[in-house]
Amino acid sequence: MGQDSIVIPFARYPERLIPRRSARVIYQVYPLTFYDSNGDGIGDLPGVTEKLPYIASLGVDTIWLSPIFLSPDGPDGDNGYAPTDRRAVDAKFGTLGDFRRLVREAHALGLMVLSDFVLCHTSDRHPGFLKSVAGETHFADRYVWHPGIPNGEPGLPRLPNNWLTVHNRPAWTWHQDRGAFYLHHFLASQPALNLNREDVQDAVIADMKFWIDQGVDGFRLDAVPFANHDPGFADNPWIDPQAGTQRENQRFAYSMCQPQTVEFLKRMRAQLDDHAAARGQSPPLLLGEVIDGREGGKKPTEVAAEYRNSLDSCYSFLTFWRRYPTSWDLKDMIAYIERHFPDGGHCHTLGNHDFSRFRSRMADLPPAARRQLRILACCLPGDLCLYQGDELDLTDADIPAGLEKDWMGRDPSRSPMSWTNERHAGFSAAEKSYLPVPDWHYFMAVEHQKGGFDSALDFTRRLIGWRQAQPALLAGDIIVIEAPEPMVPILRVSPEQTLLCLFNISNEPAVITPSHFMDRRFLHELRLGIDKKVEIGPYGHLAFGAREPAYATRPLRTPVPQGSPYDLAAE
Ligand code: GLC
């Protein structure tokens with residue numbers, strides 16, 4: 001399909017299908033609050049391993065494990081996103097042996113494991129940074145230093161430029177011992193690595209190879225657009241010179257989103273592929289986090305698209321819905337993704353550890369509308385990410401004053417996973433857990449949702465199982481049809497299957513006649529007559545041409561051990 005024909009009024013069977021790549025369902029585990037196996041109040045690696053059969057029972061095929069690297073405790077460590085040693089497992093999570101066991105057991109269940117990887121910065125307590133501060137040979141330029149602009153006055157020089165952190169503060173902090181400013185895009189405790197240098201890139205890639213040697217199947221790459229900076233340190237231009245000095249008004253022409261990152265990722269891809277091949281392994285799967293674009297952080301998808309030749313997939317903000325979309329919002333969004341990722345490679349994610357939970361963002365919506373959006377995300381080309389607890393429809397937790405842990409107020413979506421009715425909802429046997437569990441979450445626990453009724457967990461399992469069984473969803477071309485409001489018809493077409501997914505984006509019933517918007521070959525394959533009218537209820541959906549009756553069966557791709565509490569056959 002050409003660029004202009006992504007949303008079309010009438011669908012003809014394509015002469016040539018464009019197969020889409022990667023369509024994984026990735027479950028994100030935030031190890032700190034997933035499951036505490038040793039009763040110290042903190043989730044750990046053996047805890048994740050113990051719960052692998054549960055994860056497999058969801059029908060997902062991949063796990064993304066948020067960082068378990070050694071990092072300082074407390075806000076400065078950003079829960080592993082400010083590592084002091086990228087090759088060491090933080091003792092609070094367990095040992096490297098525990099990590100390897102987790103990977104082994106995940107593989108035995110047919111699950112791939114992606115390790116989070118903090119690419120662009122380290123902790124300011126990382127030995128490399130301390131050596132850089134001291135100006136040691138080979139280390140002096142590993143981080144980004146600038147002497148500042150002399151202002152002819154006593155005291156500190158002026159800041160090097162107008163670059164800002166993601167928190168809208170100057171991206172430069174003065175280091176007394178080195179007598180210079182260092183660059184950081186996040187906290188001052190997260191100094192940026194100088195990834196403009198190939199030797200620094202190689203050191204980072206060497207750390208990734210280390211994890212490949214531990215058996216991981218790939219990486220979730222943290223904050224990719226922050227990797228490189230303009231070596232001339234030019235000021236970022238203001239988008240509207242009258243509109244103020246906020247980050248949202250800055251065009252990141254120089255501080256980030258640099259063309260060197262594309263080259264860096266190419267080198268990374270080549271080196272990692274070689275390394276994996278030498279070990280007889282498949283190329284590692286690389287999933288990039290790209291939630292900041294050039295225009296004041298906006299339009300990250302355009303930046304993500306620049307990485308698509310090196311990364312398997314990227315997630316941006318597109319499906320982080322904050323309100324119920326109109327049919328036009330949806331068609332525009334799909335067309336936009338298709339334009340930038342014409343053969344797939346976009347990862348749809350409804351929530352993660354950085355943002356309010358999907359259920360809470362969409363609290364005003366009727367449950368049917370929330371479910372409809374989940375189904376819709378499942379019907380788009382690309383990967384799909386599911387954040388721990390979202391399968392239970394968990395809400396954001398109210399964290400009482402004094403118990404907060406995060407510097408950016410992200411604790412509400414990081415509260416413990418709910419397993420049972422027991423203490424801390426079965427997350428931990430300790431007196432005190434890392435974060436408190438809201439009362440409501442006890443009712444939402446896995447234990448209560450496991451049965452055959454239409455719980456959120458049951459719905460998620462059936463939905464994922466259904467998606468995994470549709471060849472057209474996993475690799476098929478997409479055609480979005482410009483049908484009359486409030487319908488959004490999506491066709492997915494692969495050599496094995498034609499699938500029509502119809503969504504009624506309104507709170508009223510709606511009727512549609514498929515023959516008005518598709519040719520006879522489609523109608524024939526979908527077994528739809530010329531006169532067939534389809535009625536869909538408020539916020540409803542219907543699928544034609546599905547391999548099994550929609551959402552009625554639960555094929556699992558991953559074997560769950562017989563007799564396991566998560567063995568669906570036992571339910
Ligand atoms: C990413 C992570 C976030 C972290 C930040 C800095 O956005 O998802 O949790 O704070 O990078 O590493």
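1. A polar contact, for this note, is a pair of N or O atoms within 3.5 Å; within protein, one must be able to donate a hydrogen and the other to accept it, and residues adjacent in sequence count only if both atoms are side-chain atoms. Keep in mind that this is a predicted model, where local features need pLDDT of at least 70 and side-chain atom pairs count only at pLDDT 80 or more, while totals for chains, interfaces and linings use all residues. Residues are numbered from 1 along each chain as its sequence is written, and side-chain values use heavy atoms, with hydrogens and water left out.

2. For His 121, a side-chain N or O atom is 3.0 Å from an oxygen of the ligand. On its own the ligand has 310 Å² of accessible area (Shrake-Rupley method, 1.4 Å probe), and the protein covers 96% of that.

3. Who else is around the ligand? The residues surrounding it include Asp 78, Tyr 81, Phe 186, Gln 190, Arg 220, Asp 222, Asp 354, Arg 410 and Arg 414. By class, the shell has 7 charged residues (Asp, Glu, Lys and Arg), 2 nonpolar ones (Ala, Val, Leu, Ile, Met, Phe, Trp, Tyr, Cys and Pro) and 3 polar ones (the others, Gly among them).

4. Now the aromatics: the structure holds 25 aromatic pairs (Phe, Tyr or six-membered Trp rings with centres within 6.5 Å). One of them is Phe 69 with Phe 117, at 6.2 Å centre to centre and 85 degrees between the planes, hence edge-to-face (over 60 degrees; under 30 is stacked, the rest tilted). Phe 69 sits in strand E4 (residues 69–70) and Phe 117 in strand E6 (residues 112–117), so the pair ties together parts 48 residues apart in sequence. Strands here are DSSP runs of at least two residues, helices of at least four, numbered from the N terminus.

5. Two backbone spots to look at. Glu 485 and Pro 486 are joined by a cis peptide bond, with omega about -5 degrees; Pro 486 is in the loop between strands E15 (477–481) and E16 (487–494). Ala 425 has a positive phi, near 50 degrees, and belongs to the loop between strand E14 (383–387) and helix H11 (439–443).

Terms used. A residue is near a molecule or strand if one of its heavy atoms lies within 4 Å of it.
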